[in-house]
Amino acid sequence: MTRKKIALIGGGQIGGVLTQLIALRELGDVVLFDILEDMPQGKTLDIAEASRVDGFDSNLQGTNSYEDIKDSDIVIITAGLPRKPGMSRDDLLVTNAKIMKSVAENVKKYAPNSFVIIISNPLDAMVTLFKKVSGFSANRVMGQAGVLDSSRFSSFIAWELGVSVKDVNAMVLGGHGDTMVPLVRYANVNGMPVMELLERKYNDAAKAKEVMNAMVERTKMAGGEVVKLLKTGSAFYSPASSAIAMAEAILGDQKRVLPVCALLEGEYNVNGYYVGVPAIIGANGVEKILEITLDDEETALFTNSVNAVKSLVEDMERLGF
Ligand code: A3D
């Protein structure tokens with residue numbers, strides 16, 4: 001059996017961690033592409049030189065030539081600038097849209113049968129642009145945001161309740177921005193509603209609500225919290241792990257139910273926009289979008305988030321992309 005080929009476009013902070021995680025798990029061979037000369041070669045050499053110690057046989061290749069991503073099975077894209085203080089959303093949008101356009105053209109040319117996971121921000125717009133430029137089918141183009149946002153939400157719940165995070169199931173839907181929607185009503189610990197556990201902990205419904213609201217707000221601002229602490233750049237370990245969970249689901253045909261940025265074609269009453277929703281991820285990529293019932297309050301929050309995505313995409317189109 002030949003090994004799977006995984007191309008990583010962007011060899012920065014997230015690209016480096018992705019390379020190491022793929023090697024440690026032996027998910028396949030890696031081609032790490034970046035426009036910076038020698039940098040991806042140096043990074044892959046560094047990680048590969050630990051292959052004896054870590055015990056992996058994956059081939060790791062750094063490159064500045066798109067030809068090397070030829071016939072990749074999976075492509076994970078992190079190319080683009082991370083958010084910096086003082087930078088407007090439009091600044092990031094223009095810079096990263098230019099980069100994404102060229103990335104999409106090259107992935108289309110060299111890896112036309114790949115499944116593509118996009119991480120570059122602003123996420124929902126970048127996934128939309130990749131899909132438009134590549135012309136790939138919707139099941140093969142998805143964005144990573146919900147897996148990370150949900151992991152953050154789950155972590156906060158586990159820390160608050162003093163339970164294993166492995167038993168926490170909590171999901172975040174909507175766009176990857178301040179309007180994202182952590183779903184409180186569906187959050188549970190092994191089937192037990194988190195709100196009920198909080199009410200028992202505090203013996204006070206108002207206090208439980210206050211604690212949950214704080215966790216919801218922290219989830220929405222979690223990326224910014226890390227940026228503020230790091231001073232330069234944004235989160236990179238957790239976004240890499242989250243994309244790996246998606247890649248593993250595809251490579252292993254796992255049928256995982258993951259919140260991913262997927263193209264809605266009528267689901268959730270949204271047509272033609274990429275938004276974070278739960279979906280079955282398997283060998284055919286986004287195999288099925290799962291629709292869950294949202295109550296009035298959740299629907300209002302979700303609609304608000306979808307509107308933010310729409311306006312971002314309209315901004316991008318106005319800029320000529
Ligand atoms: P960084 O360490 O700056 O790496 C980005 C890399 O992209 C750099 O090495 C650049 O040289 C490279 N690059 C620039 N232009 C091109 C090009 N045309 N082709 C190929 N490579 C290019 O950033 P990072 O790895 O920390 O973050 C990467 C992206 O992910 C940013 O846009 C972040 O905002 C985004 N991000 C998303 C999430 C989500 O959960 C969605 C989380 C964290 C970061």
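Predicted model: local features only at pLDDT ≥ 70, side-chain atom pairs only at ≥ 80, totals over all residues.
View 1. Asn121 takes part through its side chain, where a polar atom lies 3.1 Å from an oxygen atom of the ligand. A polar contact here is a pair of N or O atoms within 3.5 Å.

Residues are numbered from 1 along each chain as its sequence is written, and side-chain values use heavy atoms, leaving out hydrogens and water. Local features need pLDDT of at least 70 and side-chain atom pairs count only at pLDDT 80 or more, while totals for chains, interfaces and linings use all residues.

**View 2. A cis peptide bond at Pro122.** The peptide bond from Asn121 to Pro122 is cis, with omega near -5°. Pro122 sits in the loop between strand S5 (115–118) and helix H5 (123–134). Helices (H or I, at least four residues) and strands (E, at least two) are DSSP runs, numbered from the N terminus. For background, most peptide bonds are trans.

**View 3. Helix H7 meets helix H8.** The axes of H7 (residues 194–202) and H8 (residues 205–220) come within 8 Å and cross at roughly 125°. Axes are lines fitted to C-alpha atoms, for helices over the stretch in contact, and angles run from 0 to 180 degrees between N-to-C directions. The two helices are therefore oblique to each other: under 35 degrees counts as roughly parallel, over 145 as roughly antiparallel, 65 to 115 as roughly perpendicular and the rest as oblique. Contact means heavy atoms within 4.5 Å, and the residues making it include Leu198 and Tyr202 of H7 and Val211 and Met215 of H8. They divide into nine nonpolar, no polar and three charged.

**View 4. The loop between H7 and H8.** Asn203 lies in this loop. Asn203 has a positive phi of about 50° although it is not a glycine.

**View 5. Helix H6 meets helix H8.** Here the axes of H6 (residues 146–161) and H8 come within 9 Å and cross at roughly 145°. Among the contact residues are Phe153, Phe156 and Trp159 of H6 and Met212, Met215 and Val216 of H8.

Notes. Nonpolar A, V, L, I, M, F, W, Y, C, P; charged D, E, K, R; others polar. Polar contact = N/O pair within 3.5 Å; in protein donor to acceptor, adjacent residues only side chain to side chain.
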